[in-house]
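Visitor: I'm new to this structure and would like a close look at one part of it. Please pick a starting point and lead me on from there.

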Amino acid sequence: MPLTWIFDLDNTLHDTNSKIFPVINKKMAQYISQKIGVSSAQANIIRKDYWNKYGSTLRGLIKNYHINPAQFLEETHHLPNINELICPMRNLRGTLRSLKGRKIIFTNGPKNYALTVLRLSGILIYFDEIHSIEDSLLNGKPSHSGMRQFLSKHKIKNAVFIDDERLNLRTANRYGLKTVWLNQGSKKPNYISQKIRHLDDLLTLKV
Ligand SMILES: [Mg+2]
């Protein structure tokens, strides 16, 4: 059976910590601060709390404040200078070009954002499909129902899932996918098939 490669986007294909996430996080905190009427410091605490509790800030805001998801995604990902904020992983294009098989993006980010990041990184052409948070009906990783919906929509059977968030891989493992964790630490939970330190380690990986 042909192999499918499933890639997370943020912090898997490009580094977000140095440039783009600080900007998006600030926009999210501003949004929360305005919607809920709290200080920006409190908004930041809420943002992190929702990320930990619900897997995304958006999910927490929907559950607790019934906010408009489309408006939230549009406002927090509106980045006119996004081309200055993209930091692709080492040897990104070469790695994707060399991997044989179908390639799919599975991200909790919005579609427009994913398309822009992939285009600016010069790797849009390597992907057959992009599954965004809208495609997940706002119920993305690491939820089980989100994973089932993803697997069924793309008719995925034999696949390797690469992500930097281990909880996403824990779910993937439950559905029989091979899991590759992009992580710098030394621990490897038993639901992780392989751990890599850099994305281009995929080139020498036996899957
Ligand atoms: Mg990620």
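Guide: Let's start at Cys87, which sits in the loop between helix 4 and helix 5 (helices are DSSP runs of H or I with at least four residues, strands are E runs of at least two, and both are numbered from the N terminus). Residue numbers start from 1 along each chain as its sequence is written. The model is predicted, so local features need pLDDT of at least 70 and side-chain atom pairs count only at pLDDT 80 or more, while totals for chains, interfaces and linings use all residues.

Cys87 counts as exposed because it has 12 C-beta neighbours inside 10 Å; a residue is exposed with 12 or fewer other C-beta atoms within 10 Å of its own, buried with 20 or more, and partly exposed in between, the C-beta atoms being placed from the backbone. Leaving aside residues up to four places away in sequence, Cys87 touches His14, Asp15, Ser18 and Lys19 (contact puts two C-beta atoms, placed from the backbone, within 7 Å). Leu99 is 12 residues from Cys87 along the chain, and 21 Å separate their C-alpha atoms.

Asn91 belongs to the loop between helix 4 and helix 5 (92–98) as well. Asn91 is not a glycine, yet its phi is positive, at about 55°. Most residues other than glycine have a negative phi, and most peptide bonds are trans. With 16 other C-beta atoms within 10 Å, Asn91 is partly exposed.

Now step back to the domains. The chain divides into domain 1 (4–15 + 87–204) and domain 2 (20–82), with bounds from an automatic or database domain assignment. Their centres, taken over C-alpha atoms, are 23 Å apart. Where they meet, 10 residues of domain 1 contact nine residues of domain 2. On the domain 1 side, five of the touching residues are nonpolar, four polar and one charged (nonpolar covers Ala, Val, Leu, Ile, Met, Phe, Trp, Tyr, Cys and Pro; charged covers Asp, Glu, Lys and Arg; the others, Gly among them, are polar).

The axes of helix 1 (residues 20–37) and helix 4 (residues 69–76) come within 9 Å and cross at roughly 135°; axes are lines fitted to C-alpha atoms over the stretch in contact, and angles between N-to-C directions run from 0 to 180 degrees. Helix 1 and helix 4 are therefore oblique to each other (under 35 degrees is roughly parallel, over 145 roughly antiparallel, 65 to 115 roughly perpendicular and the rest oblique). Ile24, Lys27, Met28 and Tyr31 of helix 1 make this contact with Phe72, Glu75 and Thr76 of helix 4. Four residues of the contact between helix 1 and helix 4 are nonpolar, one is polar and two are charged.

Helix 1 also meets helix 2: their axes come within 8 Å and cross at roughly 110°. That is why helix 1 and helix 2 are described as roughly perpendicular. Helix 1 brings Asn25, Met28, Ala29, Gln30, Ile32 and Ser33 to this contact, and helix 2 brings Ser40, Ala43, Asn44, Ile46 and Arg47. These residues divide into five nonpolar, five polar and one charged. Met28 is listed in the contact with helix 4 and in the contact with helix 2.

Helix 2 then packs on helix 3 at an angle of about 95°, with their axes 7 Å apart, and the two are therefore roughly perpendicular to each other. Here Arg47, Tyr50, Trp51, Lys53 and Tyr54 of helix 2 meet Thr57, Arg59, Gly60, Leu61 and Lys63 of helix 3. By class, that contact has four nonpolar, two polar and four charged residues.

Helix 3 (residues 57–65) has Thr57, Leu58, Arg59, Gly60 and Leu61 as its buried residues. They pack against helix 1, helix 2 (40–54) and helix 4. His66, which follows helix 3, has a positive phi near 50°.

The peptide bond from Lys141 to Pro142 is cis, with omega near 0°, and Pro142 lies in the loop between strand 3 (129–131) and helix 7 (144–153). Lys155, in the loop between helix 7 and strand 4 (159–163), has a positive phi of about 50° although it is not a glycine. Lys155 is exposed, with 7 other C-beta atoms within 10 Å.
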